[in-house]
Amino acid sequence: MPPAHPFDDDKLKEECGIFGVLGTKEAANFVALGLHALQHRGQEAGGIVSHDPEMGFNSARRFGYVRDNFTSQKVMETLPGPLAIGHVRYSTAGSKGQTAIRDVQPFFGEFAMGGAAIAHNGNITNANALRRELIERGSIFQSSSDSECIIHLMARSLQRNIPERMEDALRRVEGAFSVVAMTRTKLIGVRDPLGVRPLVLGKVGDGWALSSETCALDIIGAEFVREIEPGEMVVISEKYGVQSHFPFRRQPSKFCIFEHVYFSRPDSILGGRSVYETRENIGRELAKESPVEADLVCPVPDSGTPAAIGFSLESGIPYAMGIIRNQYMGRTFIEPTESIRNMGVRLKLNVNRALIKGKRVILVDDSVVRGTTSRKIKEMILDAGAAEVHFRIASPPTAWPCFYGVDTPDRDKLLAATMSEEEMRDHLGVDSLKFISLDGLYRAVGEAKGRDKACPQYCDACFSGEYPVIPADKIDDGFVMKAAE
């Protein structure tokens with residue numbers, strides 16, 4: 001599988017992307033386009049379920065990219081109807097890296113009042129406890145995914161219709177969830193009470209769309225209407241349009257701040273803010289907080305680009321493409337012998353030697369996770385004749401794992417969990433290393449006074465170790481929470 005990022009092994013893996021359409025001819029085609037725009041959120045596998053009044057429910061689930069599976073006319077003809085939902089996946093729960101086709105969403109269930117399909121972005125933090133309880137009561141699980149718990153809870157609910165059963169089920173669930181679901185006639189969208197994961201509403205012709213990000217609305221020519229609010233459930237039908245209510249107790253929002261830093265596409269809108277402009281602001285904050293004399297500001301492609309532009313604009317140091325990405329990097333086209341493997345990053349990136357030689361270079365990247373790739377890039381820059389290498393990182397040190405839908409290494413594999421900033425600088429062998437402060441990041445996303453320590457405006461657990469939802473399953477497995485200050 002081609003990596004989504006040149007350094008797929010040293011980046012936090014996105015979570016999943018979800019998309020749904022109601023009220024258009026051949027809805028599955030719109031869903032396929034939407035999933036293509038959300039491919040950055042999950043490259044492992046994808047699935048689509050559609051409903052046609054005459055043909056009933058139909059589904060297709062495949063490993064690999066959307067473009068390789070859901071552009072086939074033969075496949076799309078099996079998904080007729082004016083209503084469809086879809087999902088692109090990177091495994092954040094279940095069999096990580098060993099996905100079986102039965103783990104690929106959307107999941108489908110047949111209930112007394114008709115069928116329903118569900119696609120979930122996020123992570124259920126009490127899934128193990130729920131699964132044990134459901135199995136003891138006779139449920140038979142088909143997958144290793146935490147999301148399947150929702151279908152079984154719906155099946156056991158005594159509520160009268162599917163939206164009410166979904167409400168009932170989600171009240172038992174802890175953690176992060178943005179959900180797109182469908183019945184024979186309805187498209188349903190729900191966000192968890194903290195709104196950790198994104199979900200937006202769009203208008204497409206006479207129909208409606210739900211999406212993880214606004215960039216996927218753009219690809220189908222849909223008008224962005226608004227974000228689904230934290231704790232909100234919308235039930236959309238051709239007869240009644242969008243009906244909204246709030247089935248959960250209202251709580252302060254805790255949207256994932258890393259969506260602004262890395263996960264979301266730069267052409268999306270989050271919280272009324274352009275992701276691109278936010279990342280440029282992050283670069284500006286970095287330049288204010290951690291200035292350094294240098295000749296060039298260079299992004300680590302592609303995720304460091306907007307922040308590098310912001311750093312350059314604020315500092316007055318020229319911006320340059322000092323590292324060029326090979327856009328056609330996919331599977332290694334020759335047998336990956338040891339000598340080829342050792343080329344590693346060079347197959348994916350190349351240093352612009354004529355530009356770099358003799359220069360003091362500031363490299364701007366979005367994050368440092370394990371640090372393995374940062375060292376390789378530094379070596380490439382020095383090999384090209386750079387006089388100095390300074391790293392500036394557009395997020396605070398990632399020192400804690402995420403349990404809300406992002407595949408993060410164990411804490412002992414995170415460089416920032418075991419080293420100070422100075423120790424990381426020495427480990428990476430660079431002239432200087434500076435991360436944006438947590439307050440600086442909050443200012444960049446529009447919080448002028450920075451982070452409210454008493455009640456943080458975002459979920460920033462991967463930086464702070466302060467988890468807004470107790471990760472019950474992980475604590476049962478031995479995870480030790482940060483001690484209260």
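Me: Before the labels, what are the ground rules?
Reply: It's a predicted model, so local features need pLDDT of at least 70 and side-chain atom pairs count only at pLDDT 80 or more, while totals for chains, interfaces and linings use all residues. Residues are numbered from 1 along each chain as its sequence is written, and side-chain values use heavy atoms, with hydrogens and water left out.

Me: What makes the radius of gyration agree with a compact globule?
Reply: The rule, taken over C-alpha atoms, is 2.2 Å times the number of residues to the power 0.38. For 485 residues that gives a value near 23 Å, and the protein has 23 Å, so the two agree. Along the principal axes, the C-alpha atoms fill a box of roughly 70 × 55 × 40 Å.

Me: How many helices and strands are there, and what counts as one?
Reply: There are 18 helices and 23 strands.

Me: Why is Arg41 called buried?
Reply: Buried means under 20% relative accessible area, exposed means over 50%, and partly exposed is in between (1.4 Å probe, protein chains only). Arg41 sits at 0%, so buried it is. Glu259 is at 0% too, so that one also counts as buried. Across the protein, 58% of the 485 residues count as buried.

Me: How do you know that Arg41 and Glu259 form a salt bridge?
Reply: A salt bridge needs a side-chain nitrogen of Lys or Arg within 4 Å of a carboxyl oxygen of Asp or Glu. The closest N and O atoms of Arg41 and Glu259 are 2.8 Å apart, so the pair qualifies. Arg41 lies in the loop between α1 and β2 (45–52) and Glu259 in helix α8 (residues 258–263), so the bridge ties together parts that are 218 residues apart in sequence. Arg41 and Glu259 also belong to a salt-bridge network with Arg197 and Glu213. By this rule the count comes to 23 salt bridges.

Me: What makes Arg360 a partner of both Glu293 and Asp295?
Reply: Arg360 meets Asp295 at 3.0 Å, N to O. Asp295 is in the loop between α9 and β17 and Arg360 in strand β20, so this pair ties together parts that are 65 residues apart in sequence. Arg360 and Glu293 come in at 3.9 Å, N to O, and those two are 67 residues apart. Both distances fall within the 4 Å limit, so both pairs get the name.

Me: Which of these get the label exposed or partly exposed, Glu293, Arg360 and Asp295?
Reply: Glu293 has 65% relative accessible area, so exposed. Arg360 at 26% is partly exposed, and so is Asp295 at 25%.

Me: What makes α6 a mostly covered helix?
Reply: Seven of the nine residues in α6 (residues 162–170) are buried, including Ile162, Met166 and Leu170. At the N-terminal end, Asn161 caps the helix: a side-chain oxygen lies 2.9 Å from the backbone nitrogen of Glu164. The polar-contact limit for a pair of N or O atoms is 3.5 Å (within protein, one must be able to donate a hydrogen and the other to accept it, and residues adjacent in sequence count only if both atoms are side-chain atoms), so 2.9 Å passes.

Me: What does Glu285 touch, and is the residue buried or exposed?
Reply: Glu285, in helix α9 (residues 275–289), has 11% relative accessibility, so it counts as buried. Contact means heavy atoms within 4.5 Å, and beyond neighbours within four places in sequence Glu285 is in contact with Ile436, Gly440, Arg443 and Ala444.

Definitions and conventions
Helices (H or I, at least four residues) and strands (E, at least two) are DSSP runs, numbered from the N terminus.
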